[in-house]
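Here is a structure to read through slowly, with a few questions to guide a first look.

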Amino acid sequence: MHKYFFINEGLKSMTKLTVFHKNDCIQCKMTMNMLDAADIPFDTVNIDEQPEVAQQLKDEGFKSAPVVKVEGVGENDAWMGFRIDKIRNYIRKHGTLATN
């Protein structure tokens, strides 16, 4: 299931945010709770249930959960851990206040 968020009018900037998380991961829950509280749509992938995805993330250099990937027109970013600075920046750009 993919959710997309449209900013301003039309297809100006379409982004997809995916949170790769683990069971019982506090930083994962904090990341997803902060995005939920800001009404930011995102996909989730439980890497405890998909070890092949966990291995792919390790191969890409990620060493801890969550891993957050942002993909979109003119915007690609990724980080690991609870990065409140990155989350706040994303919310500023893509939250409901960004469209007003």
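The questions and answers below concern a predicted model.

Me: Which residues of helix α3 are buried, and within what arc do they fall when seen down the axis?
Reply: Helix α3 covers residues 84-94, and its buried residues are I87, Y90 and H94. In general, an α-helix has 3.6 residues a turn, so residues three or four places apart point the same way. Seen down the axis of α3, the buried residues line one face of the helix, because they fall within an arc of 65°.

Me: Where does P66 lie, and what is the form of the peptide bond from A65 to P66?
Reply: The place of P66 is in the loop that runs between α2 (51-59) and β4 (67-72). The peptide bond that leads from A65 into P66 has its omega near 0°, and its form is cis.

Me: Is D24 buried or exposed, and what is its relative accessible area?
Reply: D24 is found in the loop between β2 (13-21) and α1 (26-37), and its phi is positive, near 55°, in a residue other than glycine. Exposed means a relative accessible area over 50%. D24 therefore counts as exposed, with a relative accessible area of 70%.

Me: Which loop holds D39, and what is the value of its phi?
Reply: D39 lies in the loop between α1 and β3 (43-46), and at 56% relative accessibility this residue counts as exposed. Although D39 is not a glycine, its phi is positive, with a value of about 55°.

Definitions and conventions:
Residues are numbered from 1 along each chain as its sequence is written. This is a predicted model: local features need pLDDT of at least 70, side-chain atom pairs count only at pLDDT 80 or more; totals for chains, interfaces and linings use all residues. Side-chain values use heavy atoms; hydrogens and water are left out. Buried means under 20% relative accessible area, exposed over 50%, partly exposed in between (1.4 Å probe, protein chains only). Helices (H or I, at least four residues) and strands (E, at least two) are DSSP runs, numbered from the N terminus. The arc is that of the directions from the helix axis to the C-beta atoms.
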